[in-house]
Amino acid sequence: MESTIPVHPNLTLRMWRDLTPLPFPLRPANKTSPHVLIIGGGWASIVDHITSQIAGALWEYPPAVCGQHEGKVSLEESKRWSMVSYHCYAAIAEDPELAKKSGIEMKQGRFYFPTRLEDDHEQYCKMQEIMASGVKGFRRYPSFDLENQNVIAKNQKIEDMYEIDSPMIDSDQGMQWLMKLVQDKGGLLRSETIHGALLEQESELLERFQADVIVNATGLGAQELAGDDTCYPVRGALVRVVNDGLHFPRVTQAHTVSADVSGAANEIVFIVPRSDNTLLLGGIAEDKVGDTNLILDSPVIKEMRQRCVDFIPLLENAKLHPSYPLAVGLRPFRGGNVRVERELRKSAKAGNGKPSRIVHSYGQGGAGWTLAFGCAADICTLVEEAIADAPPRSLADDATKQASTDKEPKHDQPLRARL
Ligand SMILES: Cc1cc2nc3c(=O)[nH]c(=O)nc-3n(C[C@H](O)[C@H](O)[C@H](O)COP(=O)(O)OP(=O)(O)OC[C@H]3O[C@@H](n4cnc5c(N)ncnc54)[C@H](O)[C@@H]3O)c2cc1C
């Protein structure tokens with residue numbers, strides 16, 4: 001059976017080398033340090049939940065359980081980004097105090113399959129890639145024995161399963177922690193909505209914010225800001241139940257059956273524990289549905305919850321989280337998938353003939369937490385190139401170059417920007 005096993009030697013962002021969770025920058029800013037305007041950093045509020053808070057925030061090797069990948073380039077890049085993130089999360093989770101503060105933990109994630117993986121070429125190749133990727137705790141259970149366990153319902157069709165140590169993030173806590181960290185490192189937060197195409201107002205924005213470069217990280221907002229009409233929402237939802245061990249034995253591992261394995265987008269099983277005694281039950285992936293008007297009694301939500309109970313019958317007795325029982329959000333997908341790329345068009349208004357100073361990071365779809373640090377690492381490089389007015393390259397060109405350098409592993413490639 002053919003499989004292209006990637007090697008990920010070029011960790012472009014490494015915790016403690018390029019990035020620290022300490023409340024000051026690794027390299028102090030000085031008068032000549034450039035200023036970066038990031039639009040859409042995601043203001044974490046307990047009242048208004050943004051997509052990044054709503055997320056199940058389980059790290060998954062791409063493509064994710066709720067993921068869909070249209071572009072091959074993007075899928076390959078996503079694998080690289082996901083591994084950069086994996087190692088950053090693992091480093092954070094290793095320190096108990098930091099893990100507690102950030103809400104980032106490593107727990108067992110279990111992935112179930114209705115057929116032997118040898119009979120599912122795509123999934124078999126994915127498993128091989130995971131084995132070779134550097135993730136920790138890989139263990140496979142071929143001929144998964146439903147009779148000899150007491151968690152999964154015996155009537156489920158499961159023939160195979162593997163588990164890995166997966167980062168799982170309490171996204172409410174994680175967002176608050178990240179926001180505080182950004183501020184502690186000198187970032188200034190401002191609440192404002194930008195309207196219209198960024199390219200049209202690039203010079204005004206740079207001047208108004210005294211910035212040298214703009215990073216567009218607005219998720220679905222990129223439809224308007226980047227004039228990208230390939231952006232579209234995929235609606236998702238998670239029922240939140242209390243996982244304190246009183247109503248059913250505490251679930252401490254993630255249990256998932258992916259959409260492409262079950263054969264239908266709305267047959268996903270996504271059961272993920274959080275650090276704060278909450279268990280998330282999901283999921284759904286409703287293509288191009290752009291509203292969040294779902295309630296606990298909506299048929300699709302009832303079916304989703306029932307699917308999880310059918311999978312783990314002990315959840316029958318689960319009690320809803322009293323203050324926040326249902327999270328509904330829109331995954332920011334994009335045709336061709338993730339865009340981590342400089343603006344390729346020139347700013348007509350700026351009129352100086354120089355390349356645009358806009359850098360895009362959007363379209364992370366159902367995998368924003370999985371890809372976060374990896375995308376950020378590439379964005380740092382693109383920001384430096386934009387400030388140097390170097391000509392922009394398309395994501396596809398970059399990916400081709402990356403593929404050829406991956407064949408000749410280079411270790412410890414330093415990142416110029418220090419965070
Ligand atoms: C139910 C559900 C489950 C998920 N589960 C997972 C998971 O298990 N693992 C995983 O990795 N990912 C998961 N995701 C996906 C993840 O949540 C997204 O990929 C991620 O949150 C996208 O982050 P973002 O910063 O691009 O977008 P957002 O979090 O939406 O942030 C965009 C920010 O830009 C701001 N903005 C937008 N337009 C403008 C404008 N015009 N001017 C100024 N600001 C603007 C918004 O206010 C917001 O603050 C899930 C998503 C959902 C909905």
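Which helices and strands each supply at least two residues of the shell around the ligand? In this predicted model, they are helix H1 (51-54), strand S6 (231-242), strand S11 (326-334) and H10. Okay, let's stay with that shell for a moment. There are 33 residues around the ligand, and the ones that come nearest are Gly40, Gly219, Gly221, Gly236 and Gly368. By type, the shell splits into 16 nonpolar residues, 16 polar ones and one charged.

Now, H10 turns up again in the core. The largest nonpolar core has 93 residues, and H10, which covers residues 368-387, gives the most to it, with twelve. If you want the residues with the most contacts inside that core, look for Ile271, Leu281, Ile379 and Val383. Take Ile271: leaving out residues up to four places away in sequence, Ile271 touches Val251, Ala254, His255, Leu279, Leu281, Cys308 and Ile312.

Back to H10 itself. Because 16 of its 20 residues are buried, H10 is largely enclosed by the rest of the structure. And H10 isn't straight, by the way: there's a bend of about 35 degrees at Gly374. Just after the helix, Asp389 has a positive phi of about 55 degrees.

Last stop, strand S1, residues 36-39. In a regular strand, side chains alternate between the two faces of the sheet. S1 runs parallel to strand S5, residues 213-216, and four bridges join the two. One of the pairings to find on screen is Ile38 with Val215 in S5.

How values were computed: Residues are numbered from 1 along each chain as its sequence is written. This is a predicted model: local features need pLDDT of at least 70, side-chain atom pairs count only at pLDDT 80 or more; totals for chains, interfaces and linings use all residues. A nonpolar core is a set of buried Ala, Val, Leu, Ile, Met, Phe, Trp, Tyr and Cys residues joined through C-beta atoms within 7 Å. A residue is buried if 20 or more other C-beta atoms lie within 10 Å of its own, exposed if 12 or fewer, and partly exposed in between; C-beta atoms are placed from the backbone. Two residues are in contact if their C-beta atoms, placed from the backbone, lie within 7 Å. The bend at a residue is the angle between axes fitted to the seven residues ending there and the seven starting there. A residue is near a molecule or strand if its C-beta atom, placed from the backbone, lies within 6 Å of it. Ala, Val, Leu, Ile, Met, Phe, Trp, Tyr, Cys and Pro count as nonpolar, Asp, Glu, Lys and Arg as charged, and the others, Gly among them, as polar. Two strands pair if DSSP finds at least two bridges between them.
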